[in-house]
Amino acid sequence: MFRTFRGGHSGGWRVTSLSPVTGESLPFVPALSVTDSEAVSLPLVPSRNAWRLVGVASSLRYTERPEKQQLVAVQAGLGRLEATSAALIPIRKSPAWWELTQEERRKIFEDRSHHIASSLRYLPAIARQLYHCRDLGGPFDFLTWFEFSPAHASLFEELVAMLRRSEEWTYVEREVDVRVVKEVLSA
């Protein structure tokens with residue numbers, strides 16, 4: 001199943017900020033749509049004022065069985081009614097990261113950066129899903145999607161700051177931070 005994030009003029013999420021963290025940004029757009037499909041279709045008429053990022057949820061990588069069990073026990077699913085705030089953070093890692101072996105990346109990811117262990121305390125307040133897109137030919141390797149209630153916004157900022165201080169993030173060569181809020185339809 002493909003997940004498509006389309007920045008444009010309409011969508012279920014209103015963009016509140018879009019900023020480059022490292023490298024080139026994406027063009028600012030007022031809205032974000034998030035859709036799932038079994039295939040990726042190209043737009044009939046490409047827009048200069050929009051962008052589209054596609055990824056797939058995949059098996060957990062760099063995760064050992066006890067860590068996976070801990071995550072499953074405490075993580076919340078996406079789409080909770082109270083989770084009206086979200087962030088899309090596309091990331092591309094450097095060639096140096098991809099030249100490392102799986103074992104070397106695991107050592108950086110968890111043994112030294114403590115990505116999973118440190119992130120557990122932010123669950124279930126913050127729901128998250130990682131979408132892989134490196135092999136799809138897009139401009140990013142990963143699309144990280146987080147959902148949370150506005151009451152947990154400061155907790156989310158703490159999580160993101162902690163991750164960006166880790167050794168793992170020294171391999172990030174492009175990162176864009178897109179913040180959104182759920183559009184509320186009037187009756």
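**Close-up 1. Ser 149 in the loop between β7 and α5.** Ser 149 lies in the loop that runs between strand β7 and helix α5, where helices (H or I, at least four residues) and strands (E, at least two) are DSSP runs numbered from the N terminus. The model is a predicted one, in which local features need pLDDT of at least 70 and side-chain atom pairs count only at pLDDT 80 or more, while totals for chains, interfaces and linings use all residues. Residues are numbered from 1 along each chain as its sequence is written, and side-chain values use heavy atoms, with hydrogens and water left out. Ser 149 is buried, with a relative accessible area of 10%; buried means under 20% relative accessible area, exposed over 50%, and partly exposed in between (1.4 Å probe, protein chains only). When its neighbours within four places in sequence are left aside, Ser 149 is in contact with Glu 82, Ala 83, Thr 84 and Ser 85, contact meaning heavy atoms within 4.5 Å.

**Close-up 2. The buried face of helix α5.** Helix α5 (residues 153-164) has 12 residues and reaches 17 Å from its first C-alpha to its last, close to the 16 Å expected at 1.5 Å a residue; the expected span is 1.5 Å times one less than the number of residues. The buried residues of α5 are Phe 156, Leu 159, Val 160, Met 162 and Leu 163. Seen down the axis of α5, these buried residues fall within an arc of 160°, so they line one face of the helix, the arc being that of the directions from the helix axis to the C-beta atoms. An α-helix has 3.6 residues a turn, so residues three or four places apart point the same way. Packed against the buried residues of α5 are β5 (85-93), α4 (115-119), β7 (142-148) and β8.

**Close-up 3. Helix α3 and the residue that follows.** In helix α3 (residues 102-112), the buried residues are Arg 105, Arg 106, Ile 108, Phe 109 and Glu 110. They cover an arc of only 165° around the axis, which puts them on the same side of α3. The cover over these buried residues of α3 includes α1 (65-74), α2 (95-99) and α4. Just after α3, His 114 takes a positive phi of about 55°.

Close-up 4. A search of the whole structure finds 13 salt bridges, each defined as a side-chain nitrogen of Lys or Arg within 4 Å of a carboxyl oxygen of Asp or Glu. In one of them, the side chains of Lys 93 and Glu 168 meet at 2.8 Å, N to O, and this pair links distant parts of the chain, with Lys 93 in strand β5 and Glu 168 in the loop between α5 and β8, 75 residues apart. Lys 93 is buried, with a relative accessible area of 6%, and Glu 168 is buried as well, with a relative accessible area of 3%. A salt bridge also joins the side chains of Arg 112 and Glu 167 (2.8 Å, N to O), linking Arg 112 in helix α3 to Glu 167 in the loop between α5 and β8, 55 residues apart. Arg 112 counts as partly exposed at 47% relative accessibility, and Glu 167 is partly exposed, with a relative accessible area of 30%.

**Close-up 5. The salt bridge between Arg 179 and Glu 157.** Arg 179 forms a salt bridge with Glu 157, the closest N and O atoms being 2.4 Å apart, and the pair links Arg 179 in strand β8 to Glu 157 in helix α5, 22 residues apart. Arg 179 is buried, with a relative accessible area of 14%, whereas Glu 157 is partly exposed, with a relative accessible area of 38%. Salt bridges that share partners join Glu 157, Arg 164, Glu 175, Asp 177 and Arg 179 into one network.

Close-up 6. Strand β2 (residues 13-22) pairs in the antiparallel sense with strand β8 (residues 172-182) over eight bridges, two strands being counted as paired if DSSP finds at least two bridges between them. In β8, Val 178 is the bridge partner of Leu 18. The largest nonpolar core has 19 residues, of which Leu 32, Trp 51, Leu 88, Leu 143, Trp 145 and Val 180 touch the most other members; a nonpolar core is a set of buried Ala, Val, Leu, Ile, Met, Phe, Trp, Tyr and Cys residues joined through side-chain atoms within 4.5 Å. At least two residues of this core come from each of β2, β4 (51-56), β5, β7 and β8. Apart from it lies another core, of 15 residues, among them Ala 87, Ile 89, Leu 163 and Val 172.
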